[in-house]
Amino acid sequence: MRADRLVATLLFLQERGRVTVPEVAAELEVSERTARRDLEALAASGIPVYSQRGRGGGWSLVGGARTNLTGLTADEIRALFLVTSPLSATPELRTTLRKLVRALPPTLRAQAHAATRAGVVDATDWSRNAVTADAAHRTALQGAVVDGIRVRLGYAGVGKPAGERTVDPLGLVAKAGVDYLVAGTEKGLRTFRLSRVTSVEPTGEPVVRPPDFDLTTAWRALSGAFQDGMHAVSARARVHPDTLALLQRFLGGRVRVGGPLPDGWTEVWVDGPAAKALAGHLAGLGAGVEVLEPPEVRQWLARIGAELTGMYAGEEPPAPYGR
């Protein structure tokens, strides 16, 4: 911890040129006694730091000596600072970036400051719900991945109560704004959505890593299997022009648009994980979409329609389609 403070003190000196003990204490949030001791330690270690007493005095680097960051271009520095913002950076990251800014040459320092102000990350969705509630678990899992420590993971699957399992954390993946853990389990590699993690407890045992494990390759295999499942059933349908954009917004890449039909509607193919699930997705679009085939999807849509009619029009409804 003291080494970290000494580096921060040195960079603060470099930025200001001359500093006082109270300024160092306030900047690093330590006592004046600790700040003075750190400055004296820098001088004793051979760093060209000297003190000057009296009015206008303070601590300075002899001859304006500087530490330098080598190997960073202006474009690389801009890219680094663009990925941070006041809302997205953790306290540790903000401290690191503050030190980095001080170590940059003056000609690049202004660009770094400008880059941090060029973007903002809003940590809530459109329902005003926080999407970063898993931040504490993310930090714990990042540490487990880096340190190679097995953990007991509390996890609540979709529609299931939280349970606990022991896993080998192998890497974290962010896909479309959602974070996932790739981990080894008794049943092989699995993915866990961080927003469903309820607890992380390190076991102290080393991670068992599969031979030749590569996170990118593993993620492609795991996500590819999931994506294939989302395209297990395909339906051919006709869509009203006013509904086509809404259908594409709802189902994205699972919609393939064909050509226009003689009646002005558009032919499409829509994919889903199962006939029932696909019918449920399409039912909300009402008469704006007509499924032409396969019969299984049409039957599920008819059943959903009968349930809604029975519920809202006073007729006897059939058994709920979800059962």
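Guide: Helices (H or I, at least four residues) and strands (E, at least two) are DSSP runs, numbered from the N terminus. Two strands pair if DSSP finds at least two bridges between them. This is a predicted model, where local features need pLDDT of at least 70, side-chain atom pairs count only at pLDDT 80 or more, and totals for chains, interfaces and linings use all residues. Residues are numbered from 1 along each chain as its sequence is written, and side-chain values use heavy atoms, with hydrogens and water left out.

Visitor: How many residues does the hairpin from β6 to β7 run through?

Guide: Strand β6 covers residues 178-185, and strand β7 covers residues 188-193. They pair in the antiparallel sense over 6 bridges. The hairpin joins β6 to β7 through 2 residues.

Visitor: Which residue in β7 is the bridge partner of V182?

Guide: Strands of a sheet pair through backbone hydrogen bonds. Look in strand β7 for the partner of V182: the residue there is T191.

Visitor: Is T191 buried, exposed or partly exposed?

Guide: Buried means under 20% relative accessible area, exposed means over 50%, and partly exposed is in between (1.4 Å probe, protein chains only). T191 has contacts (heavy atoms within 4.5 Å). Leaving aside neighbours within four places in sequence, these are with L181, V182, W219 and L222. The relative accessibility of T191 is 34%, so T191 counts as partly exposed.

Visitor: Which strands stand at the edges of the open sheet of 3 strands?

Guide: The order in this sheet is β1-β3-β2, with antiparallel pairing. Each edge strand has a single partner strand, so one side of each is left without a neighbour in the sheet. The edge strands are β1 (18-19) and β2 (49-52).

Visitor: What is the distance between the closest N and O atoms of D179 and R138?

Guide: A salt bridge is a side-chain nitrogen of Lys or Arg within 4 Å of a carboxyl oxygen of Asp or Glu. The structure holds 9 salt bridges. D179 in strand β6 and R138 in helix α7 (residues 135-147) are 41 residues apart. Their closest N and O atoms are separated by 2.8 Å.

Visitor: Why does the salt bridge of R238 and E290 tie together parts apart in sequence?

Guide: R238 and E290 form a salt bridge, with the closest N and O atoms 2.6 Å apart. R238 counts as buried at 18% relative accessibility, whereas E290 is partly exposed at 32%. R238 lies in strand β9 (residues 233-239) and E290 in strand β12 (residues 289-293), so the pair ties together parts that are apart in sequence by 52 residues.
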